[in-house]
Structure formats: structure tokens, C-alpha cells
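Open the model in your viewer and keep the sequence panel beside it. We will go from stop to stop, selecting a few residues each time and looking at what surrounds them.

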Amino acid sequence: MTVWATEGLADAVLDLAEEHEPTRVSAHLGATAAGDLEGAESVPPEAAVFTDLYVPTANRATDAVFGIEMTIPNAQTQGRFVSHPRGAVELTSRDPLHAVVFVAAPPWDRSNLAVFDRSGTRKRLKLLPAVPPTETLRDP
């Protein structure tokens, strides 16, 4: 199985991990259908391409009171990113389970970013120079 992600997403999660080192980071990742992306023509149009990073927020009052992450889309997310600032690029029992888990370890570059399924099996990661659609807020 191949997991597709945009180059921009890969760079964003690596920057996030480096910025928070030596603290571990865990963040939700969202996907977009390849057919909705510019630059993903080599991928089947219905294939999920990881494009979106939902940056974790610490100590938000609503999260603390209700015990849920209010910043995550209602439909949830298809993947998760975790950093291992003092570990290896492998899925561990301490990592949150998700259908797809991206794991990175120092040095924070693309060669130290890998993808696993929830059972810990490493999957092939293919980065695309794709761009997600621009979202705008509109008045009703």
C-alpha cells in the first residue's frame, strides 16, 4: 500500500516537530481526494492524499472542560503525525492509534519521515508536489 502526501504537508510536520523539540508532538492530519488537487495527476482521482495539518493546541479551556478537541473537523481525520525527538522512526505502543500514522525523528528531514498502519506495518510514502484547493470564507 502506498500513502500519498503533499510535499508541503511533509515539510510542515517536520518543521512542527523541530520547533517543539525535545517535546513530543501529536497532530491530526486530513486528506483530500487526488482529483481535487493540482499536481496529483499521477494518482487515481479517488485516492486520499494527505494535505492538511491540524496544529495541536495546548491548554484550551474547551478541550479541558469537555475532553474533546474542538479544533478538529466534525468528520475527524484520516491520519495522525507523531514525533519521536529521542527515538527512532517506528511506531511504538506510546503512539496514538490511527488508520495511518506518520512518524518522524531527528534530524528533521524527509528521509526521517515514515508512515505506518495501525498494526505497525511500514507503508510506502510518496510525496507529491500537489497543492490543495484554496478555501475561502464567504458571506451568506
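## First stop: V115

Select V115 to begin: with a relative accessibility of 1%, V115 counts as buried, because buried means under 20%. You are looking at a predicted model, and V115 sits in its strand β6. Now show what surrounds this residue. Beyond four places in sequence, V115 touches V3, V100, V101, F102, T121, R122, K123 and L125.

## Zoom out: the whole chain

Switch to a cartoon view and colour by secondary structure. The chain has 2 helices and 7 strands, and following it along the sequence gives the pattern β-α-β-β-α-β-β-β-β. Of its 140 residues, 37% count as buried. Among contacts between residues at least 6 apart in sequence, 54% join residues at least 24 apart.

Next, colour by pLDDT. The mean for the chain is 86, and 81% of the residues reach 70 or more. Where does pLDDT stay under 50? Select residues 59–68 to find that stretch, for which the model has 8 contacts beyond four places in sequence.

Strands of a sheet pair through backbone hydrogen bonds, either parallel or antiparallel.

- **β2 with β3:** these strands pair in the antiparallel sense over 6 bridges. Select A33 and its bridge partner in β3, A48.
- **β2 with β4:** 4 bridges join these strands, which run antiparallel. Select H28 to find it opposite R80 of β4, then S26, which stands opposite V82 of β4.
- **β4 with β5:** here the pairing is parallel, over 5 bridges. Select S83 together with its bridge partner in β5, A104.

## Stay with β4

Select residues 79–83, which make up β4. How many of the residues of β4 are buried? The count is 5 of 5, so this strand is mostly covered.

Keep F81 selected and show its surroundings. Leaving out neighbours within four places in sequence, F81 is in contact with V13, A17, V25, S26, A27, L29, F102, A104 and L113.

## Into the core

Nonpolar side chains tend to be buried together in soluble globular proteins. Which residues have the most contacts inside the largest nonpolar core? Select L29, F50, F81, F102 and L113 to see them; this core has 19 residues. At least two of its residues come from each of β1 (2–6), α1 (7–20), β2 (26–33), β5 (100–104) and β6 (113–117). The helix α1 gives the most, with 6 residues. Apart from this core lies another, of 9 residues, including W4, L37, A47 and A130.

## Last stop: two cis peptide bonds

In the loop between α1 and β2 you will find P22. The peptide bond from E21 to P22 is cis, with omega near 15°. Then move to the loop between β5 and β6, where P107 is placed. A cis peptide bond joins P106 and P107, and its omega is about -5°.

Notes: Residues are numbered from 1 along each chain as its sequence is written. This is a predicted model: local features need pLDDT of at least 70, side-chain atom pairs count only at pLDDT 80 or more; totals for chains, interfaces and linings use all residues. Side-chain values use heavy atoms; hydrogens and water are left out. pLDDT is the predictor's confidence in each residue, from 0 to 100. Contact means heavy atoms within 4.5 Å. A nonpolar core is a set of buried Ala, Val, Leu, Ile, Met, Phe, Trp, Tyr and Cys residues joined through side-chain atoms within 4.5 Å. Buried means under 20% relative accessible area, exposed over 50%, partly exposed in between (1.4 Å probe, protein chains only). Two strands pair if DSSP finds at least two bridges between them.
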